[in-house]
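This report is meant for a reader who meets this structure for the first time. Please look over the sequence and the model before reading on.

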Amino acid sequence: MSTEEHRQHVIPTSIYVGIWAVLMVLTGVTVFASFIELGDWNIVLALTIASIKATLVVLFFMHLYYSSKLTKVTMIAAVFFLFLLLALSMTDYLTRGWLTNPGR
Amino acid sequence: MATAVQTTVETDNYLNNGYGLKSWLLTKDHKRIAILYLISITAMFFVGGFFAMLIRLELLTPAGDLVSSDTYNKLFTMHGISMIFFFLIPSVPAVLGNFLIPLMIGAKDLAFPRLNLASWYIYMIGAIFALVSMISGGVDTGWTFYTPFSTTYSNTHVIGAALGIFIAGFASIFTGLNFIVTIHRMRAPGMTWTRLPLFCWSNYAASIIMVLGTPVVAITILLVALERLFHIGVFNPALGGDPLLFQHLFWFYSHPAVYIMILPGMGVISEIVTCFSRKRVFGYEFVALASIAIAVLGFLVWAHHMFVAGISVYAALVFSLLSYLVAIPSAVKVFNWTATLYKGSIRYDTPMLYAFGFIGLFTVGGLTGVFLASLGVDVHVTDTYFVVAHFHYVMVGGMVLAYMAGLHFWWPKITGRMYPEGWAKLSALLVFVGFNLTFFPQFILGYMGMPRRYHAYPPEFQVLNVLSTAGSSVLAVGYVLPMIYFLWSLRYGKPAGPNPWNAVGLEWMTPSPPPTHNFDETPVVTWEAYDYEHQPEEEVRVGH
Amino acid sequence: MATSDIEIAEHSLQHHFADMDQQKDASTFGMWLFLVTEIMFFGGLFCAYLVYRATYYQAFVAGSQTMNIWLGATNTAVLICSSLSMALGVRCAQIGKTKMMVVLLLITIVFGFGFLGIKGVEYHEHWINHQFPGPNFQFEGAEAGGVNPQNVQIYFSLYWAMTGLHALHMIIGIGLVTWIVIAGARGAYSPDYYSPVENVGLYWHFVDLVWIYLFPLLYLISKKHGG
């Protein structure tokens, strides 16, 4: 039982170069955007762009798009558990100031 | 239909396939690597046991008269480090998992044999780092390495111990990685996921935790070492660092780590309960999925170790609720084992005795864990002996008993020899009695308020402490006896034959001990797991 | 002595695998799993970053203003180019163009050294400006900006730890690519057996991925930029 994966599927050079071009443009965009004052949205924009770049690298340079379902699930699981670490830790840090002692 | 009694140990097996140190130290055979691990972790178990003995001796009297408080800090630290990182976490996976998983799925070896050997060497290097730091003066931070004591104020060998654990963590990661790939990609034809032995499911779930969790404690321990070495002060309160961040990162792994420890043990119990009740396991899918559920939910509960550390009450609420949830799949497993026993044809061989002990003691330990999940109760008993008793019930009463059960169950397969049943039953009894005598008083002590990690205590706690120490000496005998009779059996034990227990499973279809390549031909599986209805009844049982 | 593609594949088949397909599937899946551990490994540092940026935002702004955003952006571009050359190199392995593969992998190594060189320049700058945490840490103008210099030390602790760990992974990556270059030049790979090339490629792209996040998080915190 083998997964045919991309052993039969060779991605054309043009696709790779195209992805590279998009990544370079996005890098420029993120630098440019960092000079604009957007308040709290700066970080959102920066991380969004970074995530788009990361997704392109993972899907196409790392061939995840053409990989088995198992591999895709594995990657999603990793991101999910990292998210759990960050999110559940932040439930502590974001709520530390909430409760004040009654009577103080 | 008499089958000839096997009177000699099978020739041409993995044990005599090549003699000499080099053939062992450079082996790629998963079975030999399992033996290497067996020797190493047994040694570390006795290292940890040695520290435990000193602890219990100190606690015989209320005054801190055997050792100083600083030394006592080192004793419980090194007891914890040896037992958790160098015994419990590798125990079932690295010994029994390594040996059995390829056999159970009909494969010739794990997916990455050289990585498997590397994993053992990495473990050894980590153990040497840890042992050197212990011998050259020890560590006193607790196995939990809380900052800023570990990063700034402790003047013991923190870096050596931390690096030892960091390195050993990679051994664990590589084992887990190997298991996951093997179970996904190397099952024999017909061995579908729903025919997989539950031992494999459990080790698979534990491997998921190993792969996802261990790297986080690795980076955390590395940061502690970096802070001590280079002042890269992420946890230093003087700079505004938060000691609780260390605890969040540490427990993100260390709580799931307890499931790394217990899940493989639960897998052993599943195998034994079915074999010795001659019955299919009740609710196979539930037990399998419960393993995965424990692995996933186990990642969501870590801050219950921090309820009184200073986290926000709202976070504590969230983690308390989640901690209740994680008890559910464990309970599902206990119910399913019990239902498997019901109307089974029970045999009381030693592995089954240990399994019975596990079910009872794990239930006690697990239930007291639920008590601790409750915020109100936890505030009262945290950092007392109640917690110590709780985790020893699950880790010793549960995990160590499961490991002993597995060792006894598969010893004939691993060595081709039976152990002496009388001595084994005696040891099991001693372990059970000794364990309860050691740790049950600690529940009471903790509830009455005796704090943990103190070498002196108020005199009214002495009677219970003396009982506990007495129990530990009985327990120690129960541990030493198997060492002796297992070694004895290597030379004088009755040859076991391929299937002395008449169990169902691919591993029982190979000779004992198995040949290096496991199977002459890759088996094709057409039967369900635990197909005891179709297993012929008593064949000639050897060794009784 | 020319060996055919089939011979290369057969020679490389390990005995415990049924066939080359199973071996390739297993080895690639194994590498992905290893990358999962790397994600969690760096993830701990990202968690610390998140917590402290939320707590000491101004200190992080102050710290990031000492970063040279142009060097950082250049390094980002260098890594993206190295990922392209790496991906094209793997592609050449897939179709058996060994010479081209070796060339592309060598280009990847050059880019890798380029990254490390630029990083070295940056590290040197920070070092001589006493921007390394510890007893010699200095950060002028902090109090004037209303920022506690001690908190800025935390920013720099994370900066050095995260970029240092990343650079260490780059060095290992260069080592791995070098190994592939040597083995590839000796004809070890063929379209039926190139999983080591692919797996090293996966590792390399992962290291690029980490930097894609490090750059905005460490360099682009606020619109006031230094450098």
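## Chain C and its neighbours

In this predicted model, 36 residues of chain C are in contact with 38 residues of chain A. On chain C, the elements that supply two or more residues to the side touching chain A are α2, α4 (69-95) and α7 (195-219). Of these, α2(C) gives the most, with 15 residues. By class, the side of chain C that touches chain A holds 25 nonpolar, six polar and five charged residues.

Chain C also meets chain B: 31 residues of chain C are in contact with 33 residues of chain B. Here α2 (20-55) and α6 (149-185) of chain C each provide at least two residues of the side that touches chain B. Again α2(C) gives the most to the side in question, in this case with 17 residues. The side of chain C that touches chain B divides into 18 nonpolar residues, twelve polar residues and one charged residue.

| Side of chain C | Nonpolar | Polar | Charged |
|---|---|---|---|
| Touching chain B | 18 residues | twelve residues | one residue |

## The fold of chain C

Chain C contains seven helices and zero strands. From the N terminus on, its elements run α-α-α-α-α-α-α. Taken along the principal axes, the C-alpha atoms of chain C fill a box of roughly 70 × 30 × 30 Å. Of the 227 residues in chain C, 53% are buried. Among the contacts in chain C with a separation of 6 or more, 82% are between residues 24 or more positions apart.

## Helix α1 of chain A

Helix α1 of chain A covers residues 13-33; at 1.5 Å a residue, its 21 residues should span 30 Å, and this agrees with its end C-alpha atoms, which are 30 Å apart.

The buried residues of α1(A) are A:Tyr16, A:Ile19, A:Trp20, A:Leu23, A:Thr27, A:Thr30 and A:Val31. Seen down the axis of α1(A), these buried residues fall within an arc of 110°, and therefore they line one face of the helix. What do the buried residues of α1(A) pack against? Their partners are α2 (41-61) of chain A together with α4 and α7 of chain C. On the other side of α1(A), the exposed residues are A:Ser14, A:Ile15, A:Ala21, A:Val25 and A:Phe32.

Key: Residues numbered from 1 in each chain as written. Chains lettered and ligands numbered in written order. Predicted model: local features only at pLDDT ≥ 70, side-chain atom pairs only at ≥ 80, totals over all residues. Contact = placed C-beta atoms within 7 Å. Helix = DSSP H or I, 4+ residues; strand = E, 2+ residues; numbered from the N terminus. Nonpolar A, V, L, I, M, F, W, Y, C, P; charged D, E, K, R; others polar. Buried ≥ 20, exposed ≤ 12 C-beta atoms within 10 Å, placed from the backbone. Expected span 1.5 Å × (residues − 1). Arc of directions from axis to C-beta.
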